[in-house]
Amino acid sequence: MSPPILHAEGLRYAYRGVPAVQEVSLSVGEGEIVALLGANGAGKSTTVNMLAGVLRPAAGRVLWRGEDIAGLPAHRVLERGIALVPEGRLIFPQMTVLENLQVAGAAPRAAAEFPRRLEEIFGIFPRLAERRAQPAGSLSGGEQQMLAIARGLVARPELLILDEPSLGLAPMLVRAVFDLVRDLNARGITVLLVEQNLHQSLRVAGRGYVLEKGRVALSGTGAALLEDPYVRQTYLGM
Ligand SMILES: Nc1ncnc2c1ncn2[C@@H]1O[C@H](COP(=O)(O)OP(=O)(O)OP(=O)(O)O)[C@@H](O)[C@H]1O
Ligand SMILES: [Mg+2]
């Protein structure tokens, strides 16, 4: 692994006394694609929400380039270069594609270079460029997911956290999302990819962590996890 830029240690979180994340430690190296995997309710979203400042950990540290950012609000975390594309897209349906991107463009980290950045983003997502004046709610599911990812890119993140970007998409669009993850990574963005789709994610990810009941059950390289007998039986139905 390349030297970690993100290192989370001993993270815990409970919702009204019910533990959701019991003990999660993970690292992300510069330039990596790391997959965070697990079944429904395993604690994936809770974990990345703690990394991105959406939730304050009950315990543990989140070191970003050596600085403990645990408990910082999300906009401060974003200023440091970590962007979260949350589960469920959460775009503004009545606003146009462009307006959705402009909202993100108001962040301090994004504001100065926004016009140039916007052109770059439209270069990556030509379908969004064509539909820039269209209400976001009228986009197809896949296009809305692209918009959510595009919005995450506005602030020029060093680390992009994607929470289940392929959820609810048709197989062809799922492939497009994974191709996009590869493409963004090739452009120098480090990616933490939350997925239930183990097979596809482990093919793009260099390494992965599998969560079960709020703990890291196993971790390793994408190739090793794909060949792991337990993973194959439990998650890949082989
Ligand atoms: N806002 C909440 N209030 C109460 N419990 C919650 C809340 N959010 C999550 N939980 C619970 O915490 C546990 C972990 O949920 P989390 O959303 O982190 O799982 P996940 O791995 O992201 O699952 P999924 O793949 O379904 O998105 C689950 O048992 C869930 O029911
Ligand atoms: Mg989730």
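This is a predicted model: local features need pLDDT of at least 70, side-chain atom pairs count only at pLDDT 80 or more; totals for chains, interfaces and linings use all residues.
**Notebook: pockets, rings and loops**

I began with the second largest pocket, where helix 6 (126–130), helix 7 and helix 8 (171–186) each supply at least two residues of the lining. My helices (H or I, at least four residues) and strands (E, at least two) are DSSP runs, numbered from the N terminus. A pocket, on a 1 Å grid over the protein atoms alone, is an open set of points where a 1.4 Å probe fits, with protein on both sides within 12 Å along at least five of seven lines; a lining residue has an atom within 4 Å of a point.

Residues are numbered from 1 along each chain as its sequence is written, chains are lettered from A and ligands numbered from 1 in the order in which they are written, and side-chain values use heavy atoms, with hydrogens and water left out.

**Second largest pocket, continued**

I looked up its volume and got about 190 Å³. A volume here is the space filled by probe spheres set on the grid points, which are joined across faces, edges and corners. Among the lining residues I noted Ile-124, Phe-125, Pro-126, Met-146 and Leu-180. I sorted the lining by type and found 8 nonpolar, 1 polar and 2 charged residues. For that sorting, Ala, Val, Leu, Ile, Met, Phe, Trp, Tyr, Cys and Pro are nonpolar, Asp, Glu, Lys and Arg are charged, and the others, Gly among them, are polar. This lining takes at least three residues from each of domain 1 (1–81 + 157–238) and domain 2 (85–156). Those domain bounds come from an automatic or database domain assignment.

**Largest pocket**

Next I went to the largest pocket, which holds about 450 Å³ of space. I found 20 residues lining the largest pocket, with Leu-78, Leu-84, Ala-104, Arg-151 and Gly-152 nearest its centre. Helix 2 (74–79), strand 6 (82–85), helix 3 (97–105) and helix 7 (141–153) are the elements that give two or more residues to this lining. Which element gives the largest share? Strand 6 does, with 4 residues. The lining of the largest pocket splits into 17 nonpolar, 2 polar and 1 charged. Domain 1 and domain 2 each provide at least three residues of it.

**Rings**

I searched the whole structure for aromatic pairs and got 1. Tyr-13 and Tyr-15 make it, edge-to-face, at 4.9 Å centre to centre and 70° between the planes. Rings of Phe, Tyr and Trp (its six-membered ring) pair if their centres lie within 6.5 Å; planes under 30 degrees apart are stacked, over 60 edge-to-face, the rest tilted. I then checked how covered the two are: Tyr-13 is buried at 16% relative accessible area, and Tyr-15 is partly exposed at 36%. Buried means under 20%, exposed over 50%, partly exposed in between (1.4 Å probe, protein chains only).

I also found the charged end of Arg-65 over the ring of Trp-64, 5.4 Å from the ring centre. To count, NZ of Lys or CZ of Arg must be within 6 Å of the ring centre and within 35 degrees of the ring normal.

**Helix 1**

I took the C-alpha distance from Asn-49 to Ala-74, 25 residues along the chain, and got 8.9 Å. After helix 1 comes Gly-53, with a positive phi near 85°.

**Positive phi without glycine**

Arg-16 has a positive phi of about 45° although it is not a glycine. I placed Arg-16 in the loop between strand 1 (4–15) and strand 2 (18–29), and it is exposed at 82% relative accessibility. Lys-213, not a glycine either, has a positive phi of about 45°. Lys-213 lies in the loop between strand 9 (207–212) and strand 10 (215–221) and is exposed at 72%.

**Two more distances**

Phe-92 is in the loop between strand 6 and helix 3 and is partly exposed at 38%. Phe-92 and Val-103 are 11 residues apart in sequence and 9.7 Å apart in space, C-alpha to C-alpha. Arg-61 is in strand 4 (residues 59–64), and its C-alpha is 37 Å from that of Leu-128, 67 residues along the chain.
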